[in-house]
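I opened this entry to look up the cores, the ligand surroundings and the salt bridges, one after another. The sequence and structure come before my notes.

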Amino acid sequence: MTPDSVAPTGAQLRRGPLREGERVQLTDAKGRPHTIQLAAGKVFHTHRGHLSHDTLIGSDEGVVVRTSSGAGLLALRPLLNDFVMSMPRGAAVVYPKDAGQIVQYGDIFPGARVVEAGVGSGALTMSLLRAIGDEGELISIERREDFADIARANVETHFGAPHPAWRLEIGDFADRVAEVAAPGTVDRIVLDMLAPWENLEAAAGALAPGGVFLAYVATTTQLSRLAEDLREHGGFTEPQAWETMVRTWHLEGLSVRPDHRMIGHTGFLLTARRLAPGVEAPLRHRRPAKGAYPVDDEWTPEDLGERAVSDKKVRKVRRDALRSIEAIEGTEAMPAQPDEED
Ligand SMILES: C[S@@+](CC[C@H](N)C(=O)[O-])C[C@H]1O[C@@H](n2cnc3c(N)ncnc32)[C@H](O)[C@@H]1O
């Protein structure tokens, strides 16, 4: 790309004729996508013939090109979702369905100052960069240099050049965040890592009052630990948590129904807002359910959110159950208990 060509993150990069170096998705008659990076003189081989990249360079998107044996291939620039699902991965990526939720519920706005960690393969990074735009600032902290290299390559391939709003820092979030962002200056923090609760103090220090803390975790045990530690910290509002399930549909003639397969689980999202420094967390409106926190180490059904069953209710259920046996077997019911007729 020449210095005076189109802005690297501009819309023009995704418009006009296909250029050398761009990725193109070729979809065959069975709907199978193949992604290639256009290079002059290179040839794409399929089991149904081959195709010269030169045929595509300079042509419009949305055309159907033919391989040497006449098989049609539809050529389109991959959308961000397509790109994320086909790009090289070091670590698991945030799927598009969750990235959309993170941008919306994390309130990632144009011009925002955002810190994310870890970066992994850079999938979420791209959605965050799109949402903040060239005027925003995204500082991405990744502890593994090899993953950071993969993420940088993916992000630059997607945007066609280094993104002007992006800084990638190597290291541990808790160690690096105070070095890369002055205290209380960050609008949004997004954590996608195994143990986000280890970073609450550092996140609280970096976030501006009212700033949004958002974490993505894969398991309920992580979610529970994070929620409890956030409450314990005291510098955040009550955490909100949710998950999303997306069910795609089969659309053909009269056969309009959900697809048989779906992505059953990706992760859980949790958000909380940063309180002003020194402000105590307001009292929760609802008192926790009785027994929601175990007193000793002994777990009760209430620890798991199950409703407590009174002894009286159990006696009644037992009595009814025994009576139904009696009706079947013609035997005597249990002798009446003192409060049996309650
Ligand atoms: C699941 S991956 C992140 C995937 C990424 N969000 C994406 O969409 O491609 C988790 C990453 O967090 C990094 N990580 C874990 N703990 C970290 C910490 N305390 N500071 C910085 N990076 C961390 C790991 O090395 C790993 O690359």
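**Nonpolar cores**

I looked up the largest nonpolar core and found 31 residues in it, with Ile102, Leu129, Ile132 and Val190 having the most contacts inside it. By nonpolar core I mean a set of buried Ala, Val, Leu, Ile, Met, Phe, Trp, Tyr and Cys residues joined through side-chain atoms within 4.5 Å. Buried means under 20% relative accessible area, exposed means over 50%, and partly exposed lies in between, with a 1.4 Å probe and protein chains only. At least two residues of this core come from each of α2 (80-86), α3 (96-105), α4 (123-132), α5 (145-159), β9 (166-170) and β11 (207-217), and the largest share, 7 residues, is supplied by α4. These helices (H or I, at least four residues) and strands (E, at least two) are DSSP runs numbered from the N terminus.

I note that this is a predicted model, in which local features need pLDDT of at least 70 and side-chain atom pairs count only at pLDDT 80 or more, while totals for chains, interfaces and linings use all residues. Residues are numbered from 1 along each chain as its sequence is written, and side-chain values use heavy atoms, with hydrogens and water left out.

I then listed what Ile102 touches, not counting residues up to four places away in sequence: Val94, Asp107, Ile108, Leu124, Leu128, Val190, Leu214 and Leu269, where contact means heavy atoms within 4.5 Å. Another core, of 30 residues, lies apart from the largest one and includes Ile189, Ala206, Leu226 and Leu270.

**Leu26**

I found Leu26 in strand β1 (residues 23-27), and Leu26 counts as buried because its relative accessibility is 0%. The C-alpha atoms of Leu26 and Ala75 are separated by 4.7 Å, although the two residues are 49 residues apart along the chain. Leaving aside neighbours within four places in sequence, Leu26 is in contact with residues including Phe44, Leu51, Leu56 and Leu73.

**Ligand**

I counted 22 residues around the ligand, the closest being Val94, Glu142, Phe147, Phe173 and Asp192; a residue qualifies if one of its heavy atoms lies within 4 Å. A nitrogen atom of the ligand is 2.9 Å from a polar backbone atom of Phe173, and an oxygen atom of the ligand is 3.2 Å from a polar backbone atom of Gly122. Taken alone the ligand exposes 610 Å², of which the protein buries 90%, with accessible areas taken from the Shrake-Rupley method with a 1.4 Å probe.

**Salt bridges**

My search of the whole structure gave 17 salt bridges, each a side-chain nitrogen of Lys or Arg within 4 Å of a carboxyl oxygen of Asp or Glu. In the one between Arg188 and Asp107, the closest N and O atoms are 2.7 Å apart. This pair links distant parts of the chain, with Arg188 in strand β10 (residues 186-192) and Asp107 in the loop between α3 and β7 (113-117), 81 residues apart. Arg188 is buried at 9% relative accessible area, whereas Asp107 is partly exposed at 40%.

For Glu228 and Arg231 I noted a salt bridge with closest N and O atoms 3.2 Å apart; the two are separated by about one helical turn because they are 3 residues apart in helix α8 (residues 220-233). Salt bridges that share partners also join Arg113, Glu137, Arg167, Glu169, Arg176 and Glu179 into one network. Within that topic I checked Arg176 and Glu169, whose side chains meet in a salt bridge at 3.1 Å, N to O, and both residues are buried.

Terms used
A polar contact is a pair of N or O atoms within 3.5 Å; within protein, one must be able to donate a hydrogen and the other to accept it, and residues adjacent in sequence count only if both atoms are side-chain atoms.
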